[in-house]
Amino acid sequence: MGREVSESCIDSLLTVMVSTYCNRFYANKPELAARRIEAIGYQVGHQLSERYTMERPRFSDHLEAIKFICKDFWFELFKKQIDNLKTNHRGTFVLQDNRFCWLTRMSIDQSPENGTSEELSIMADNKAMQSMHLYFPCGIIRGALSNLGIPCAVSADISNLPACSFVIRIKA
């Protein structure tokens, strides 16, 4: 596309945005922080999708649009394609990124299963913060698909860092 932003700048922006919304603006309301972060991602995804599809014909079906997200759109954002795409052919798609760059710098706590209550509390806080970082890319995907005429809900799962799965459910 011509103009690019340094990966470290985007990482810093995402970290500061999540931290500010979670610890400052909505310190006692994590669900509102999550909604706001996702809404910002939605705007970004909507505008990027507009830019990346400007000279393309409209997609004929949902699968074609999802493939565009997995290949071209993801490549423009992350310089790689989605590693795996699965569907149940009934409006649910799972996009798997085995090394999602926005999660690669997050620490993986290798604490034992039967840690102290303080260690378990810290682990829960880390998991919550990792989840907060995923509302932005979920919003990006939802915004991009909305721009393509596909209303959907997007959620994410991080069972094994830095791998990440995005689940897209098309709204009827």
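User: Where does glutamate 38 sit in this model?
Analyst: Glutamate 38 is placed in helix H2. The model is a predicted one, and this applies to every value quoted below.

User: Is glutamate 38 buried or exposed?
Analyst: Glutamate 38 counts as buried, because its relative accessibility is 15% and the cut-off for buried is under 20%.

User: And which residues does glutamate 38 touch, leaving aside its neighbours within four places in sequence?
Analyst: The contacts of glutamate 38 are then with Tyr135, Cys138, Gly139 and Arg142.

User: Staying with helix H2, at what angle does H1 pack with it?
Analyst: Helix H1, residues 7-25, and helix H2, residues 30-52, pack at about 150 degrees. Their axes are 9 Å apart, and the crossing of H1 past H2 is right-handed.

User: Which residues meet there?
Analyst: H1 contributes Met17, Val18, Tyr21 and Cys22. From H2, the residues are Ala33, Arg36, Ile37 and Ile40. By type, the contact of H1 with H2 comprises seven nonpolar residues, one charged and no polar.

User: What about tyrosine 52, buried or exposed?
Analyst: Tyrosine 52, also found in helix H2, is buried, with a relative accessible area of 16%.

User: Stepping back, what is the overall pattern of helices and strands?
Analyst: The protein chain has four helices and four strands, and along the sequence they follow the pattern α-α-α-β-β-α-β-β.

User: How much of the chain is buried?
Analyst: Of its 172 residues, 38% count as buried. As for contacts between residues at least 6 apart in sequence, 62% join residues at least 24 apart.

User: On to the rings. How many aromatic pairs are there?
Analyst: The structure holds 11 aromatic pairs. One of them joins tryptophan 74 and phenylalanine 78, with 4.7 Å from centre to centre and 50 degrees between the planes, and this pair is tilted.

User: Where do tryptophan 74 and phenylalanine 78 lie?
Analyst: Both are in helix H3, residues 62-78, and they are four residues apart, about one turn of the helix. Tryptophan 74 is buried at a relative accessible area of 1%, and phenylalanine 78 is buried at 10%.

User: Then how is phenylalanine 78 arranged with phenylalanine 100?
Analyst: These two rings form an edge-to-face pair, because their planes are at 70 degrees and the cut-off for that class is over 60. Their centres are 5.3 Å apart.

User: Which parts of the chain does that pair link?
Analyst: The pair links distant parts of the chain, 22 residues apart. Phenylalanine 78 is in helix H3, whereas phenylalanine 100 is in the loop between strand E2 (92-97) and helix H4 (117-147). Phenylalanine 100 counts as buried, with 0% relative accessibility.

User: Change of topic: where does lysine 79 lie relative to phenylalanine 75?
Analyst: Lysine 79 lies over the face of phenylalanine 75, at 6.0 Å from the ring centre. In the chain, lysine 79 belongs to the loop between H3 and strand E1 (84-87). With a relative accessibility of 45%, lysine 79 counts as partly exposed.

User: What is the phi of lysine 79?
Analyst: Phi of lysine 79 is near 60 degrees, a positive value in a residue other than glycine. Histidine 89 likewise has a positive phi, of about 60 degrees, and is not a glycine.

User: Is histidine 89 buried or exposed?
Analyst: Histidine 89 counts as exposed, because its relative accessibility is 67% and exposed means over 50%. Its place is in the loop between E1 and E2.

User: Last one: is the peptide bond from leucine 161 to proline 162 cis or trans?
Analyst: The bond from leucine 161 to proline 162 is cis, with omega near 0 degrees. Proline 162 lies in the loop between strand E3 (152-157) and strand E4 (164-170).

Definitions and conventions:
Residues numbered from 1 in each chain as written. Predicted model: local features only at pLDDT ≥ 70, side-chain atom pairs only at ≥ 80, totals over all residues. Heavy atoms only, no water. Axes fitted to C-alpha atoms, helices over the stretch in contact; angles between N-to-C directions. Helix = DSSP H or I, 4+ residues; strand = E, 2+ residues; numbered from the N terminus. Left-handed = near helix turned anticlockwise from the far one by under 90°. Contact = heavy atoms within 4.5 Å. Nonpolar A, V, L, I, M, F, W, Y, C, P; charged D, E, K, R; others polar. Phe/Tyr/Trp six-rings, centres within 6.5 Å; stacked < 30°, edge-to-face > 60°. Buried < 20%, exposed > 50% of the residue type's maximum accessible area, 1.4 Å probe, protein only. Lys NZ or Arg CZ within 6 Å of the ring centre and 35° of its normal.
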